Amino acid sequence: MYSHGSESLIKQAREIQESELQKFHSRLVKLLQGKELGHEAVDSLQRLHLILSATKYTRTLPPELQKRLQSLLSSPAEQFQVLSSAVLRETLPLSGQEANYNQENFTQLNSHAAALLLSQAGSRADVSSLCAHLLRSLDSRQSEGPANSLTHTLPILNSVLTHSPECLTADHVTLLSKKLVDWLRYASITQGGGAPSGGFFTGPRSRQPVPTAELDGTVSGDFFTVLCVGQSFTEDQWMNVYSFSMLRHWLLTYHSVSNGNNAADTDDRSEVDGSVVSMVSATSSSSRLLPPKERLREKAFQYCQRLIEQSDRKAHKRTDTDLQKACLVEAVCILDCVCGEDASLVFRTFPCIKALFGRLSSDLSFARVLLPIAQFYLNHGEMAAVDCESVWTLVFGRFPAELFNDPFLAHEFLRFLRLNLESLQLRVPQYSHSFPNLLKFLAWDSPAVVDDFVDLLPSLVTAGTAVELLHTLLDLPCLSATLVLQVRSTCLPISEPGGRGLLSLDAFRNQSFRGLFLFLLRGEAGSGDTIDRLSTLHELLAETADWQRVVQCAQTVPMLLHIFFDTVIAVADEKLLAHLVQAMLERSSLLLNIPKYNKEIHRVFSCHLLRMCKLHPSLVVGQSHELLEFAGATAKVYSKEEVYTHVVWVLGEYLSASCDSRCSVRLITSCFETLEAVLFEITSSAPPPGADCPVPRVVTSLMSALAKLASRSHDLIPRVSLFLSKLRTVTRGGPVAWCSDEEDLVAIVTRGEELWSLLKAPGVAQSVLTPPPPVTTPQWHRDSNVAMPLRLRALTNLTHSQ
């Protein structure tokens with residue numbers, strides 16, 4: 001929303017009169033004719049931009065003003081470049097001036113002018129024409145234009161490649177590939193401008209070319225790269241840097257160009273005019289016979305090999321060390337690209353990558369470099385037949401365990417997992433068993449990475465990990481609190497004199513509780529489903545329930561549980577589902593006491609308990625002991641009404657011989673007596689101290705379940721009828737202690753009378769309360785044995801005109 005002042009300015013800009021606007025244009029033209037432009041010019045250009053952008057209609061500026069603004073695109077002050085480009089993007093170009101403008105400004109092209117040209121391109125042909133002009137400018141000599149004319153070309157082409165790769169033709173690809181080879185491999189190795197030798201007679205003749213240096217200060221003995229340093233750089237050295245910055249994007253995207261006639265691969269100056277021969281990766285002279293794309297791959301390979309060698313040098317500055325890491329990341333990614341295009345390079349590249357991994361693997365400060373190395377192993381390790389065990393041990397072991405609080409690594413690591421999900425599931429056995437470690441990223445910074453885990457979680461659910469993964473998700477807030485304690489324990493002293501310590505931090509440092517926390521911090525699955533002393537752990541972490549990081553983590557768990565159950569129901573057999581039912585019943589009472597957390601988890605459990613029992617009704621008979629034990633605890637009526645209601649419902653709905661032949665009259669009677677005792681207890685006494693009255697839905701669910709069970713065993717009908725008749729008699733005497741709301745009480749009594757009336761006719765009661773499948777899922781319109789299809793056809797013939 002705009003502030004009141006901003007809305008007022010926008011309103012004024014929209015309501016400006018045409019006469020006033022023309023006067024403003026005239027004043028601005030006179031202002032821009034001055035030799036020096038100051039704050040008044042800046043304010044006027046900002047106002048003009050507001051006027052143009054405040055309306056949905058595209059305006060046309062006077063020709064004189066348009067030309068003045070175009071001239072500002074080459075202003076030495078970038079502020080005027082930005083403003084003029086922004087203003088011109090809101091206007092229509094002058095009629096017949098588009099092509100002239102493009103041609104006239106190519107020698108003065110910068111990023112802001114390029115943004116204007118691309119925004120005003122009317123068609124793919126215009127963009128393709130722009131690319132052709134840009135590529136022709138690459139062949140121009142330095143004397144033909146300003147010294148910085150080429151430095152903007154590659155960023156502009158990179159933008160075109162990003163948004164419209166189809167605008168480049170095969171001829172464009174050939175030309176640009178040749179130029180990239182020149183700039184990458186054969187840039188000058190001497191510093192730009194030379195260095196003065198000192199003394200009174202210093203002049204151009206006495207200046208000797210000074211070679212570029214490595215980051216450790218030694219003289220550069222090989223070809224120029226982005227890791228070479230000097231006092232100043234030549235234009236081809238700058239083009240070397242720009243070429244490296246766009247090389248990976250180019251290798252990944254140039255396959256999307258339009259099909260056309262390939263330009264003849266002639267006049268390859270890059271192989272003739274090269275001033276230096278690589279000492280570390282020289283190739284045979286046959287490389288000059290390769291087509292441009294293959295030659296570019298070869299030179300990219302050499303360039304990246306050189307960067308990896310340079311990264312082993314000790315840099316003098318901290319910023320140079322960071323630059324080395326960034327270049328290593330890019331170099332490994334480029335090597336991955338070229339090996340993907342040319343499999344023969346895999347065997348030449350792997351020794352270098354393997355040596356690099358061995359050098360960096362012990363230093364986790366290079367973690368963001370090791371991820372591209374892991375990507376290389378994943379893509380090409382099988383072809384090269386190399387052992388990748390140490391790579392995955394590092395990636396899935398130490399990375400999450402020690403770097404879970406690094407937000408940049410978390411983003412890149414989870415992106416690596418999402419992009420390679422299928423390959424990791426097929427080729428990396430450690431992946432699905434590493435979820436205790438992977439979930440540390442989620443436990444530490446849930447809002448930032450929850451979207452990643454929405455995509456990743458289904459891949460972690462297998463028959464062998466499902467039960468442990470369920471417990472781990474439920475304990476995610478505990479893991480979040482434990483990670484906070486782990487970080488604090490390394491930062492805070494063991495004892496703080498005069499300060500109030502955290503009980504949970506003391507417990508984390510206490511050896512007697514160490515095993516509980518170590519289980520939460522485990523790196524792999526398989527050491528057990530859950531913690532024996534889980535209630536003790538929750539007591540130790542009670543004070544962490546209001547920590548912001550823990551609360552945010554708890555808010556993501558219900559959504560992840562929905563994803564978990566959606567996945568596991570599709571892949572699990574009945575035996576596994578039985579284990580999950582037991583786990584849900586057990587864990588409904590063992591959750592960290594976070595406000596609203598328990599209720600949300602109970603709601604998820606209830607939803608998916610119904611789904612599992614509907615898909616596999618025999619689960620109710622198979623798990624009848626656990627379900628009856630849960631339903632027979634009266635205390636759960638007051639503390640876990642959501643889960644309790646649904647447990648009672650599935651017992652009444654699916655405890656039937658029609659669902660499972662193992663269901664006996666004895667089992668039905670046992671269930672009936674258990675639920676009857678609970679219903680009698682909650683309707684004959686007030687709730688326990690501190691507890692609310694039972695939810696009406698619990699009472700009605702119990703009554704309905706008893707009626708359903710009685711309809712299947714008619715000997716039980718008199719007992720239900722007696723209770724329902726007493727319920728009606730008791731409520732006539734006025735308010736009751738177990739229901740404080742009169743409307744709720746009326747609803748309960750009404751439901752009881754309906755059930756009582758049904759049970760008077762046992763045959764009808766069974767049909768209504770437990771209808772057979774053909775009734776619940778009717779398909780009469782498909783059944784040829786009934787008259788419904790004939791009637792439908794007759795009605796169709798009557799309603800349709802002949």
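This is a predicted model: local features need pLDDT of at least 70, side-chain atom pairs count only at pLDDT 80 or more; totals for chains, interfaces and linings use all residues.
Helix H28, which spans residues 548-571, packs against helix H23, formed by residues 466-474, with the two axes 10 Å apart and at an angle of about 170°. Because angles over 145 degrees count as roughly antiparallel, H23 and H28 are assigned to that class. On the H23 side the contact is made by Ala-466, Leu-469, Leu-470, Leu-473 and Leu-474, and these residues meet Val-557, Leu-560, Leu-561, Phe-564, Phe-565 and Val-568 of H28. The contact of H23 with H28 comprises 11 nonpolar residues, with no polar and no charged residues.

Helix H28 also packs against helix H22 (residues 446-460), and here the axes come within 10 Å and cross at roughly 10°. H22 is therefore roughly parallel to H28. The residues that H22 brings to this contact are Ser-446, Pro-447, Val-450, Phe-453, Val-454, Leu-457 and Pro-458, while H28 supplies Gln-552, Cys-553, Thr-556, Met-559, Leu-560, Ile-563, Phe-564 and Thr-567. Classified by residue type, the contact of H22 with H28 has 11 nonpolar and 4 polar residues, and no charged residues.

From H23, Ala-466, Val-467, Leu-470, His-471 and Leu-474 take part, and they meet Leu-576, His-579, Leu-580, Ala-583, Met-584, Glu-586 and Arg-587 in H29. The contact of H23 with H29 divides into 8 nonpolar, 2 polar and 2 charged residues.

Attention turns next to charged side chains. Side chains of opposite charge can pair when their charged atoms come close. The structure holds 27 salt bridges, including one in which the side chains of Glu-468 and Arg-522 meet with an N to O distance of 3.1 Å. This pair links distant parts of the chain, since Glu-468 belongs to helix H23 whereas Arg-522 lies in the loop between helix H26 (514-520) and helix H27 (534-540), 54 residues apart. Both Glu-468 and Arg-522 are buried. Elsewhere, salt bridges that share partners join Glu-214, Asp-216, Arg-306, Glu-309 and Arg-313 into one network.

Two further salt bridges are each formed within a single helix. In one of them, the side chains of Arg-297 and Glu-294 meet at 3.4 Å, N to O. Arg-297 and Glu-294 are 3 residues apart in helix H13 (residues 292-310), which means that about one helical turn separates them. Arg-297 counts as buried because its relative accessibility is 8%, while Glu-294, at 31% relative accessibility, counts as partly exposed. In the other, Arg-318 forms a salt bridge with Asp-322, and the closest N and O atoms are 3.9 Å apart. Arg-318 and Asp-322 are likewise separated by about one helical turn, because they are 4 residues apart in helix H14, which covers residues 318-341. Arg-318 is exposed, with a relative accessible area of 66%, whereas Asp-322 counts as partly exposed at 38% relative accessibility.

Two individual residues were also examined. Ser-656 lies in the loop between helix H34 (641-654) and helix H35 (665-682). With a relative accessible area of 6%, Ser-656 is buried, and, when its neighbours within four places in sequence are left aside, Ser-656 is in contact with Cys-663 and Arg-712. Pro-762 is found in helix H39, which comprises residues 762-769, and counts as partly exposed at 28% relative accessibility. Leaving aside its neighbours within four places in sequence, Pro-762 is in contact with His-714 and Ile-717. The C-alpha atoms of Pro-762 and Ala-710 are separated by 8.7 Å, although these two residues are 52 residues apart along the chain.

Terms used
Residues are numbered from 1 along each chain as its sequence is written. Side-chain values use heavy atoms; hydrogens and water are left out. Axes are lines fitted to C-alpha atoms, for helices over the stretch in contact, and angles run from 0 to 180 degrees between N-to-C directions. Helices (H or I, at least four residues) and strands (E, at least two) are DSSP runs, numbered from the N terminus. Angles under 35 degrees count as roughly parallel, over 145 as roughly antiparallel, 65 to 115 as roughly perpendicular and the rest as oblique. Contact means heavy atoms within 4.5 Å. Ala, Val, Leu, Ile, Met, Phe, Trp, Tyr, Cys and Pro count as nonpolar, Asp, Glu, Lys and Arg as charged, and the others, Gly among them, as polar. Buried means under 20% relative accessible area, exposed over 50%, partly exposed in between (1.4 Å probe, protein chains only). A salt bridge is a side-chain nitrogen of Lys or Arg within 4 Å of a carboxyl oxygen of Asp or Glu.
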